[in-house]
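Please work through each task before reading its solution.

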Amino acid sequence: MTDRHYRTPVHINNEDDNNPSNPSAGPALSDLIRVRLSRRDALKGLMASAAIGAIGVGINPRGAAAAPKLGFAEIPHAYDENLHVPQGYTAKTLLRWGDPIIAGAPDFDPLKHDAAAQAGQFGYNCDFVHFCPLPEGSGASDHGLLVVNHEYTDAHMIFPGFADGKAALEATTAEMAAYEQAGHGLSVVEVKRDGNGWSAVPDSRLNRRITLATEMELVGPAAGDARLKTAADATGTRVLGTMNNCAGGWTPWGTILTAEENVHQYFGGDPEATPEAANAKRMGIKGEPSYAWGKFADRFDISKEPNEPNRFGWIVEVDPYDPASMPKKHTALGRFKHEAATTVINGDNRLVVYTGDDERFEYVYKYVSSGTFDPAAGRANSTLLDDGTLYVAKLDADGNVTWLPLTFGEGPLTEAKGFKNQADVLIEARRAGDLLEATKMDRPEDIEASDKTGKVYVVLTKNDKRKAEQVDAANAREKNIWGHIVEMVPPMKDGRADHAADRFTWNAFIQAGNPKDPEAKAIYGGEVSDAGWFANPDNIAFDASGRLWISTDGFPDHGVHDGLWVTETEGEGRAVTRHFLGCPRGAELCGPAFTPDGKTLFVAVQHPGDEDGSNFQNPSTRWPDFKDGMPPRPSVVAITKDDGGEIGA
Ligand code: FEO
Ligand code: CA
Ligand code: CA
């Protein structure tokens, strides 16, 4: 989700991006020393240390490994109504908001806002995308299930004549609220590629919509805790729905992980009058919702149901191959504004999950399972996500990452600090991270691990609130309006990266921005073209050859469309980005996702046409339909190379 100024003010937004929720103490003396180090001496010092190979910190030390080459002609920076891909590529709109995907669902009618219809149609603002081959395990690249998150709805782009802000909340009817809830969640859609390219199978029995009405199970250490119980659920183990599903990930056993991000904006009422006041505040729940749902359902009013917000902000597992399966909210992975969840099978077969908390000055986390992955156990491996250790990251100026356990009874995570048990630690993971003095990052978005090198890439989209005295080595720019990407390097163990280790090293992979603008202090691995620089990285993905694809959210603040850039991570082309795709105006780019053969790239175009002054009547583009009266439609696009080759090669 974006917070750009060019979107209509005072509307669905990550309000807490403007008002960070992290009140924990400012930098300690050691931080100030680090600040001085990072600002005056870091570049010189870090380069020297990289040169001698003493630690993993450095400005783009060039790897020696052969890297895949980038073979496409870059597209220019632009800002217009269309989606752009390089010459020799074709972009086909595959799934649009409102397309019927459940048998019997009606065709899209932009003037009818029927929740039952929307619950059978592709949802709004698509974000995470993943391709699951059919049959399962086949590795097929021409037939599969697309799993897509629908992060949020934009009332002023959906409902004709709709204002924003308080007037919008007052104007929202029960029917409209139900429509919004049906536009949230996920879609699972069977897709096929034939001589005519990609198409959806609209009546497949595998197609599914998950919404705020879908029953889910809370599992793991916090399940059944008193703080998860409500009037509707005396067990504390059953929740209706998921929301603000941003990015995600997948598991080695064939399921999907979807991340509940900005859940604070759905709850009305007065948090101060509840026993959860401090917890609500730390999650940015202020009783100033962006949605009017609390008018129609007690559970979205924190005064009436103080525990309902505790049932959101988790990582949710969905089995895309079984439309009757009940999604699981895995509490062991902590509760915060999850952006994504990336799994790695460690060398010792334990499961490691990386996940970030996307808000200014929030943290990067990883989870390490107690048990080990068993390929023969199939879906039963899901319990690996219920028994393990959650860690939060501290990144020091000396180039070390220390992973600090969020374990009840250890360090400050005790009754003296208000934690009664592990459930409390997980429900209030942010406060636990504060007490452990984790590193406050510039909005952690997606995280991916390279299966070629074992290195882990952490995307920090921006933080324009970081003051000079808050600058640290890992977040090295004051008023960071460009974003950066940190590379974490696990130590090697038995010839493999040890993702379970307590200590990694880190280095600055890219500091985004225009290299010709001295104020930006941009860092790339070499010379980038005029189109190759970017800002505000968000979702990332590796392709089968190990290239890193970077999508952006917020580049229009710098006058350029959001889109997709790609780089190698090793060799001569390391951290030298090239521009592959540009969004229609108003949109951010999400996905990206590849078929196993790397010959199809799926991207999600989120909130097209939504800028300052845009609304249903006057969007800044009517992409992708370009028909009078038809609003712009958030859509998933399939991109193929005309010669049938690998994308980007
Ligand atoms: Fe939903 Fe952090 O982007
Ligand atoms: Ca995002
Ligand atoms: Ca990703």
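**Exercise 1.** Locate Arg622 and determine which partners surround its side chain.

*Solution.* Step 1: Arg622 lies in the loop between β31 (600–606) and β32 (635–641), where strands are DSSP runs of E, at least two residues long, numbered from the N terminus. Step 2: Arg622 is buried yet forms no salt bridge, the nearest side chain of opposite charge being Asp628 at 5.0 Å. Buried means under 20% relative accessible area (1.4 Å probe, protein chains only); a salt bridge requires a side-chain nitrogen of Lys or Arg within 4 Å of a carboxyl oxygen of Asp or Glu. Step 3: the side chain of Arg622 reaches the backbone oxygen of Met630 at 3.0 Å. Step 4: residues touching Arg622 (heavy atoms within 4.5 Å) include Glu81, Phe616 and Pro632.

The model is predicted: local features need pLDDT of at least 70 and side-chain atom pairs pLDDT 80 or more, whereas totals for chains, interfaces and linings use all residues. Residues are numbered from 1 along each chain as its sequence is written, chains are lettered from A and ligands numbered from 1 in the order written, and side-chain values use heavy atoms, without hydrogens and water.

**Exercise 2.** Identify the donors of the calcium ion (ligand 2).

*Solution.* Step 2: their spacing along the chain is E-x105-E-x92-D. Step 3: Glu339 and Asp538 are both buried.

Technical notes. Helices (H or I, at least four residues) and strands (E, at least two) are DSSP runs, numbered from the N terminus. Buried means under 20% relative accessible area, exposed over 50%, partly exposed in between (1.4 Å probe, protein chains only). Lys and Arg count as positive and Asp and Glu as negative; His and the chain ends are not counted. A polar contact is a pair of N or O atoms within 3.5 Å; within protein, one must be able to donate a hydrogen and the other to accept it, and residues adjacent in sequence count only if both atoms are side-chain atoms. Donors are N, O and S atoms within 2.8 Å of the metal (3.2 Å for Na, K and Ca); water is not among the atoms, so sites may look incomplete.
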